Amino acid sequence: MIISIRWLKQYLNFPIEIPDIIDTLTFGGIEIEQAWDLGMLNGKIVVGQLKSTSPHPDADKLTVCQVDVGQGDPLQIVCGAKNMHPRDKVAVALDGAVLPNGMAIKNAQLRGVESKGMLCSGPELNYGHDASGILILPEEWKVGEGVDYMLDAKITPNRPDCLSIFGVARDLAALKGHKVAPLQPRVPETMERIEQEVNIMVLNKEACPRYTARLIRNVKVASSPAWLRMAVEAVGIRSINNVVDVTNYVMMELGHPLHAFDLDKLPNQKIIVRMAEEGERFTTLDDVERTLSNEDILICTPQGPVALGGVMGGKNSEISNATTNVLLESAYFTPTFIRKTSKRLELQTESSYRFERGTDREKITLALNRATQLIREICGSEVARGYLDVSATTFDDRSIITLKIDHVNSLLGLKLKSREIADILMLLGCEIRRADQTQLMVQAPSFRVDIEGEHDLIEEIARIYGYNKIPVSLPLLECSPYLETVDVRTADHIRDLLCDCGFYEAINYSFISENDVEKTGGTKRPLIKILNPLSVEQAVMRPSLLPGMLKNIQRNHHHGQYDFSIFEIGKVFWQGPDGDQDPQEEWRLIAALSGKATTYWKRPEREFDFYAIKGIAEHLLEDLGLPTHNIRPAQAGHLHPGQSAEIYDNGETLCTFGQLHPAMAEEWDLRRVVFILQAKIELLAKLTDRRVIFEEFGRFPSIERDFALLLDHATPAGEASRIMREAAGELLENLETFDVYEGKGVPQGKKSVAMRLVLRSPQRTLTDEEANAIQATIIERLEKEIGAALRQA
């Protein structure tokens, strides 16, 4: 909101300097976003008075002006405008002035004539809209004084009481320990009674709880006097005519919007406040035809709408130079209705901006009478006796708030007495209904729609008392050590381990689209849908980390980045089975390899393959103290059926890994072969055993046996490994697969798997007979259980 210091000071009954105003408002919660000096501080832009004008001797379009700026002899200033006359008050930028647009003013020669400054137009000072001539100031302004000082204030949504010059003055006075004098407009009236001429009917009192109006006769519509035009133009509103300018002036002065109708354009002189019909059309003052909904408020006559309530008037009832009779409206509209209308129509006006935040419905007659008084004085009109007031209820429904003194001091760290607190609250306009040493019974003023409870009053006490006066002290808090859960510890450990292996961590949103879920094979569990998603791309909570990871890979591939290793640790979500249970969530891990492994000059380039992702899986589980020898084909639809596996223990899958299914890679437009690893963090955390236990070096020699086994092509090598481990028993020290071969010398449908068995006893030296017996048992079980045979050389 734009604030004119010249206008603001009209309501202050105490002296205060401009820097103090800015500091006080800022500390009081009204942020000053911008300020520009129009001479009130630096004295470089001042009020001048034209003494005489004469044509430029060498330029037909220029005028030489003699201007009194209160500094002795008049200054000679060359000007290109023609709208000024001797004795006019004008805005003069002196030598050294810098205008709001950054223009620096210096004395200069213009076509051979010296010019000591510049006569300014409104737009050059951000002080009006008319650029066709120089700015003509009110004649009552004093020569030599600064023109003004302007503030652009950011008013928070909870403080609609400060969306007016008077409201800011009232708050400023309270912050400085003063109270402003209330406005008391006086309106002489004729004998004509308004209720005999005008009829008002409100059909929806929820949307419009109160509607008041006055009748003004014999209005002379013309341009506004300079003081009124300057006031509205200074705060950013274009001057229209004296009647419209008065309504805008009072809105900016008191914060309550008004609207003036040409009474003769209202058939039957009857006002009906109703809700629009769905699809009803209406042309507003900006000459735009708008399609309305049944949530929009309309001000109507029996023949149709004449205004969009709380937002904008209608083209068919606007004030014109031919207007002689005016119906002046001052109403209270429920904020939610105005907010919906303004947002849906994408039409925010000064009126809607105030109504949707809440105006003072008890004082709407103050704004009505203030505007009526000004129209009568400026337009030479007559006012009918009384005003119409259609209201739903009485409006003094403000609750009494109990404020405990101990609670105030406890929260603020102060030692204020009941009397001190009461004085602060009365500065704000609160009424103290009852008081003692322990508590106050407080009623907030009607203009403070944001004060609803004790916490609001305490906040106001702190604000008026001064945040900078509250002693600084560290609060005494009960602290307890942070106990990290095993899930978090396991996740952190996995994160560190994968980073050490050259992986980069990805962090994705938990919101994804249903389409992405379907593209990764769907889910058997009910999805959790977002009630008000920002877009369809964020419509559900992710049931898997796979869609986000594939999007990461897709984005990198489309940008020409093919070789990388990334992982994500995050939560997945699903709805309980009956739909009424609380949403479920679980920590998961996903890792991916794409393209080629990181290489350097001494290591040849190599593509990632199945054994690379298998090695990552084994390294991860071994580091967590989990077994890695039980491997079987994975039953995962997103993985290649011949290039995937899972490691399990006691029937539970520890992790799944393998090549992404080619069909899914094509669906996501991936341009390299990708390998995926997935695991449940909470399961790994439950099973992990990272205790480091020292084992004595073997003092007795080991015995090694190599096996070259012929297995069916479909039989996993892991099955042979399981049987050999079980048969070797406690004497097994190590078992590894060191070669797999298919081709010449191996029967069709078979594969040769070479495995090395290491046996050792911690108590004695094993004999060949014992090793041979174990070997025989292994061969017998392999042949019996999976049909394996030793390959003959």
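Predicted model: local features only at pLDDT ≥ 70, side-chain atom pairs only at ≥ 80, totals over all residues.

Reader: What makes β1 and β11 a pair?
Author: Two strands pair if there are at least two bridges between them. β1 and strand β11 (residues 148-154) have 3 bridges, in the antiparallel sense. So the pair meets the rule of at least two bridges. Within it, I2 has D152 of β11 as its bridge partner.

Reader: Why are β1 and β2 called edge strands?
Author: The sheet is open, with 3 strands in the order β1-β11-β2 and antiparallel pairing. β1 (2-4) and β2 (31-38) each have a single partner strand, so one side of each is left without a neighbour in the sheet. From one strand to the next, the twist averages 20°.

Reader: Which helix packs on that sheet, and how do you know that it touches the strands?
Author: Helix α2 (residues 18-27) packs there, touching β2 and β11. Touching rests on heavy atoms within 4.5 Å. The direction of α2 makes about 5° with that of β11.

Reader: Which residues of α2 are called buried, and what covers them?
Author: The buried residues are I18, I21, I22, T24 and L25. The label requires under 20% relative accessible area. Their cover includes α1 (5-8), β2, β11 and α3 (165-175). Just after α2, G29 takes a positive phi of about 100°.

Reader: Why is strand β31 called mostly covered?
Author: In β31 (residues 584-594), 8 of the 11 residues are buried. Each of those is under the 20% cut-off for relative accessible area. Hence "mostly covered".

Reader: What are the partners of β31?
Author: One is strand β30 (residues 564-574), joined to β31 by 11 bridges and running antiparallel. There, I569 stands opposite L589. Another is strand β35 (residues 674-680), which pairs with β31 over 7 bridges, again antiparallel. R588 has K680 of β35 as its bridge partner.

Reader: What makes β24 and β25 edge strands?
Author: Their open sheet of 3 strands has the order β24-β26-β25, with antiparallel pairing. β24 (401-404) and β25 (431-435) each pair on one side only. The twist averages 30° from one strand to the next. β25 is joined to strand β26 (residues 439-443) by 4 bridges, and I432 stands opposite V442.

Reader: Which helices lie on this sheet?
Author: Helix α9 (residues 405-412) packs on the sheet, touching β24 and β26, at about 60° to β24. Helix α10 (residues 418-427) lies across β24, β25 and β26, running at about 10° to β26.

Reader: Which residues does E618 contact, beyond its neighbours within four places in sequence?
Author: E618 is in contact with T628, I631 and I647. The cut-off is heavy atoms within 4.5 Å. E618 lies in helix α15 (residues 610-623).

Definitions and conventions: Residues numbered from 1 in each chain as written. Heavy atoms only, no water. Axes fitted to C-alpha atoms, helices over the stretch in contact; angles between N-to-C directions. Buried < 20%, exposed > 50% of the residue type's maximum accessible area, 1.4 Å probe, protein only.
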